[in-house]
Amino acid sequence: MYDLLLKNAWVVDPLNSVNGVADVAIQEGKIAKVQRDIQEEAKEVIDFTGKTLQPGIIDSHVHLGTMWGSPFGPRMLAMNGVTTCLDMAGPLDDILDNVPEYGVGINMAILQFASPPFTFKNSTPSQQEMIDLIDKSLADGALGVKLLGGHYPLDPEVSALLIRTALERRAYVAWHAGTTKNGSNINGMIEAVKMADGYPMHLAHINAYCRGAIHEAMEETKIAIDLLKANPNIFCESYVSPKNGTRLTCNPDGTIQSKVTGNCLRAFGFTEDADGVRKALLARKAFAVYDAGGYSDLMTGEEALKLWEAAKTNVGGSFNINPPLPRIALAQAKRDDGAFVVDAISTDGGCIPRNVILSQGLSLVKLDILSLSEFAQKTSLNPARMLRLENKGHLSVGADADITVYDLATQTPVASFVDGKKILFNGELVSKGATVICTEHGKDAIEARGMKAIVVDPGKQIERITAL
Ligand SMILES: [Zn+2]
């Protein structure tokens with residue numbers, strides 16, 4: 001007798017070439033069988049006729065730290081069908097401290113930010129400061145570190161040393177391209193790929209470097225695609241929302257703290273200072289993130305200006321800065337061997353309100369940019385490989401029973417499961433806590449917090465999926 005039997009969904013499992021109506025049986029948190037018309041009994045049977053079922057959605061770029069929006073990131077992800085996520089900035093302690101109250105049962109990997117003015121004093125930390133930060137982060141349960149270079153840059157050579165230092169310690173390394181020399185744009189991306197020097201690195205949100213800051217946006221997209229094809233050591237994601245995520249914080253002298261916010265203000269014709277933010281909010285071009293009670297949302301106009309002033313400028317923000325065609329081209333592009341150029345579809349969401357993998361990502365399927373199998377590959381199988389999660393991203397017998405069920409017609413989630421347990425069901429979040437994906441150094445710290453740990457080795461090579 002199975003624990004759970006999910007019946008009659010359209011099942012998509014690219015690794016096992018499943019793409020049709022089938023039943024999925026689950027036993028002790030693992031996939032037990034995927035087959036048409038499973039006859040054996042189960043303790044619970046759920047009928048998903050007319051719905052689509054795939055390995056649980058893994059969002060490989062999110063934010064869970066309260067400072068980026070609110071503590072509601074896990075809830076906002078799970079409400080949108082995500083079962084596993086990679087946090088791309090921490091702060092690690094804040095996220096872990098919030099799990100007892102705000103955890104909803106999903107898996108999370110966390111990268112601690114390695115960036116001034118937060119975890120480094122300035123843009124030229126010594127190698128010892130890097131080692132101290134990396135070792136402490138891993139011991140506390142982080143999977144690795146993130147360079148927020150586009151927002152808060154380090155010197156180019158310091159960035160390169162930090163990547164090497166982190167990789168030597170088998171930490172996961174991701175970089176939002178940008179240094180004190182080049183910004184968050186196509187030149188910053190070219191520089192970041194060069195600084196990675198052939199080592200495996202996660203380059204964040206490729207679409208962010210194809211916004212037309214240096215050349216025409218599609219020309220930048222072509223440069224980005226060619227660069228990624230020539231440098232297969234770079235693993236990456238791109239998101240589908242027009243909205244970006246940044247902070248609207250200004251220094252006491254009126255200058256902007258985040259370089260990305262400066263870029264956005266300039267792109268919309270505003271000055272790159274506090275006065276520019278004020279005008280952009282009033283012109284409804286800049287948006288402020290606010291706590292809407294259980295989730296975060298965006299506001300603009302006079303209301304947002306009041307919020308920004310009351311918070312002494314210290315609020316998360318967003319601009320509709322991503323042109324559409326680069327997002328589509330980056331989602332579709334393939335290498336000569338059939339592997340995707342951009343490995344995964346992400347959102348850069350979480351507590352930033354744009355968790356749109358289903359609501360916008362499935363439009364790519366309807367436009368024939370991606371097949372349904374390719375969609376599942378880019379939203380589950382490939383990001384599982386990036387996170388070195390061998391038991392996730394597919395529905396092989398014995399794999400973790402992480403599953404997302406959605407309605408393709410309405411592009412909305414129907415249900416989700418982690419280890420065979422319900423997370424999202426009947427429109428409600430029905431689980432608690434979190435499982436943390438960490439290295440062997442952080443296992444004890446995570447378990448001491450009463451959470452389950454999945455230990456992976458980010459130093460292991462990634463096998464990229466070619467044509468299936
Ligand atoms: Zn981000």
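1. Asp-400 and Lys-392 form a salt bridge, with their closest N and O atoms 2.9 Å apart. The term means a side-chain nitrogen of Lys or Arg within 4 Å of a carboxyl oxygen of Asp or Glu. Both Asp-400 and Lys-392 are buried. Buried means under 20% relative accessible area, exposed over 50%, and partly exposed in between (1.4 Å probe, protein chains only). Asp-400 and Lys-392 also belong to a network of salt bridges that links them with Lys-30 and Asp-402.

2. A word on the basis. This is a predicted model, in which local features need pLDDT of at least 70, side-chain atom pairs count only at pLDDT 80 or more, and totals for chains, interfaces and linings use all residues. Residues are numbered from 1 along each chain as its sequence is written, and side-chain values use heavy atoms, with hydrogens and water left out.

3. By the rule above, the count is 25 salt bridges. Lys-7 and Asp-23 make one of them, at 2.6 Å between the closest N and O atoms. Lys-7 sits in strand S1 and Asp-23 in strand S2, so this pair ties together parts 16 residues apart in sequence. Helices (H or I, at least four residues) and strands (E, at least two) are DSSP runs, numbered from the N terminus. Lys-7 is buried at 18% relative accessibility. Asp-23 is buried as well, at 1%.

4. Another pair is Asp-140 with Lys-136, whose side chains meet in a salt bridge (2.6 Å, N to O). Here Asp-140 is partly exposed, at 22% relative accessible area. Lys-136 is exposed, at 52%.

5. Now the domains. The chain divides into domain 1 (2–54 + 400–436), domain 2 (56–242 + 323–390 + 437–468) and domain 3 (243–321). These bounds come from an automatic or database domain assignment. The centres of domain 1 and domain 2, taken over C-alpha atoms, are 27 Å apart.

6. How much area do domain 1 and domain 2 bury between them? The figure is about 3,000 Å², with 60% of it on carbon and sulfur atoms. Buried area is the accessible area (1.4 Å probe) that two parts lose on being put together, summed over both. Gln-411, Thr-435 and Val-436 supply 27% of what domain 1 buries against domain 2, more than any other three residues. In contact terms (heavy atoms within 4.5 Å), 30 residues of domain 1 touch 43 residues of domain 2.

7. One salt bridge is found across the interface of domain 1 and domain 2. Separately, the side chains of Asp-419 and Lys-452 meet in a salt bridge at 3.0 Å, N to O. Strands that give two or more residues to the side of domain 1 touching domain 2 include S1 (2–13), S19 (403–407) and S20 (412–418). S20 gives the most, with five residues.

8. Two loop residues have positive phi without being glycine. Phi of Asp-37 is near 50°. Asp-37 lies in the loop between strand S3 (30–35) and strand S4 (42–47), and is partly exposed at 45% relative accessibility. Phi of Asn-426 is also near 50°. Asn-426 lies in the loop between S21 and strand S22 (428–429), and is exposed at 66%.

9. Pro-91 is placed in the loop between strand S7 (82–87) and helix H2 (92–102).
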